[in-house]
Protein chains: 2
Amino acid sequence: MHLRKDVHTDGTPALCASCEARHRGVCGALDSAQLVALSKVSRKHKADSGAELIGDSEPVETYSNVLSGVVKLSKMLSDGRQQIVGLQFAPDFLGRPFRPESAISAEAATDVTLCTFPKAAVERMMRESPGLERRLLEQTLKELDEARDWMVTLGRKTAAEKVASLLLLIARNIDPTLASQTGSVTFDLPLTRSDIADFLGLTIETVSRQLTKLRTEGVISIENNRRVIVNDQRRLETRCGN
Amino acid sequence: MHLRKDVHTDGTPALCASCEARHRGVCGALDSAQLVALSKVSRKHKADSGAELIGDSEPVETYSNVLSGVVKLSKMLSDGRQQIVGLQFAPDFLGRPFRPESAISAEAATDVTLCTFPKAAVERMMRESPGLERRLLEQTLKELDEARDWMVTLGRKTAAEKVASLLLLIARNIDPTLASQTGSVTFDLPLTRSDIADFLGLTIETVSRQLTKLRTEGVISIENNRRVIVNDQRRLETRCGN
DNA sequence: CGGCCGGTTGAATCTCTTCAACGTCCGTGG
DNA sequence: CCACGGACGTTGAAGAGATTCAACCGGCCG
């Protein structure tokens, strides 16, 4: 492993010292002085799995960075049908700039750690620091790319391909250090079968059947219904239809 | 109708004088001097229906504004299955900042008029003018909202609801002056049955059947396979599942 | 212990797809 | 001028894939 000087270390607030959002997240656009200012009004806190972070069409007074865990973004039709429209992993930015209220709801899929800022503070900083706006634009473009990728999955893939695609998506995001490995990966599913169904546009029964199919075919192993071992990522990739 | 002074009229380049993108599009963020500078390197031109505007994973040297017509954005799986992931109407901005190549392909769904700029010119202007970056962020957020809305349609709606949703989407975008009217709307479908199928994640046969169903039920009328008359927008809305 | 939640599995059902035939429009060329 | 072919669209019948409904299992908590 190659060691190098961390250019961000000097004068960094304690709160931010070990924060991933300062490197790969939006806070990476801020200098020490700005970090100090923002850290004064920010709050690091935990939320349990299932906690509602942003309610549908409810005024939002804060933005957050996801520091650990997984947040699911979802939309619902009036009759209760639900669709998860995105998953957020550390160090994603959570919130919808320029809108008083969100059109989607955000819920903790697992226990999560968040760093939460008042909306006004972030927006003031956006005006002062074009770099922050740039980062936000980049994150938004990334999310747009992901959303469009997922539209292909939803519209054109079979149930088997959908499930394989989701496993690969999670494997690649849950622990980014293992990203695009070729070998085996192990992780705890951050989603229930019901969540998975809502993300894939399927029913829980179909999800269950496809998972057991992948298991009996030796592509994955499952322990305790939640822990998944992808025996060979490449083999999983071939089942994604891409 | 209320008349008011157009604050943008002074010193505007001839090319931009009547351009919708100067009001509702990204160019609205630019002052006269910037418009003049940009107009010197921009080119207004037409493309026929079916023309490929941005190829999949092909380097992109330009950005464009859509001035008239409809552009479809699509992605394809390796075996040829296709999904349209977005439609762009005037005055949408076309292009993917910060990426040397696009992950999607853009094709003229109808005859279109574009105003095209060199990538470098826009990016320089983005650095000089935070307002432009802001506009771009807003457009990107709008596209993200639309993409997520469509994910619900793809994942959770029935074929009938999908077709109704698409008709409403087009009715609301094709002529924005008629937006959210309650009465009847008439327009030419900018998409073939095949395009519609690729946007909705269906087959052309299913699309055709659902359209005839809407027709026989009196919700819409169809002339020449392309011209659609929505007899009552509210009745169409009730069939969208939202 | 009993009930509930999350998950799995089986059988019947249904929606959408697939395959095939047919109709219309339109430009081309004999 | 009309015949031909292709692009686009509609319709019908058969088939597949996912859903629905139901039963069942194991773990957890009051």
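Modeller: What follows describes the domain interface in chain A. This is a predicted model, in which local features need pLDDT of at least 70 and side-chain atom pairs count only at pLDDT 80 or more, while totals for chains, interfaces and linings use all residues. Residues are numbered from 1 along each chain as its sequence is written, chains are lettered from A and ligands numbered from 1 in the order in which they are written, and side-chain values use heavy atoms, with hydrogens and water left out.

The domain assignment of chain A, whose bounds come from an automatic or database source, gives domain 1 (14–150) and domain 2 (157–237). Into their contact (heavy atoms within 4.5 Å) go 13 residues from domain 1 of chain A and 13 residues from domain 2 of chain A, and the C-alpha centres of these two domains lie 25 Å apart. Together they bury about 1200 Å², 69% of it on carbon and sulfur atoms, where buried area is the accessible area (1.4 Å probe) that two parts lose on being put together, summed over both.

A:Lys72 forms a salt bridge with A:Asp195, and their closest N and O atoms are 2.8 Å apart. On the side of domain 1 of chain A that touches domain 2 of chain A, strand S5 (residues 82–88) of chain A gives the most, with six residues; strands here are DSSP runs (E, at least two residues), numbered from the N terminus.

Key. A salt bridge is a side-chain nitrogen of Lys or Arg within 4 Å of a carboxyl oxygen of Asp or Glu. Helices (H or I, at least four residues) and strands (E, at least two) are DSSP runs, numbered from the N terminus.
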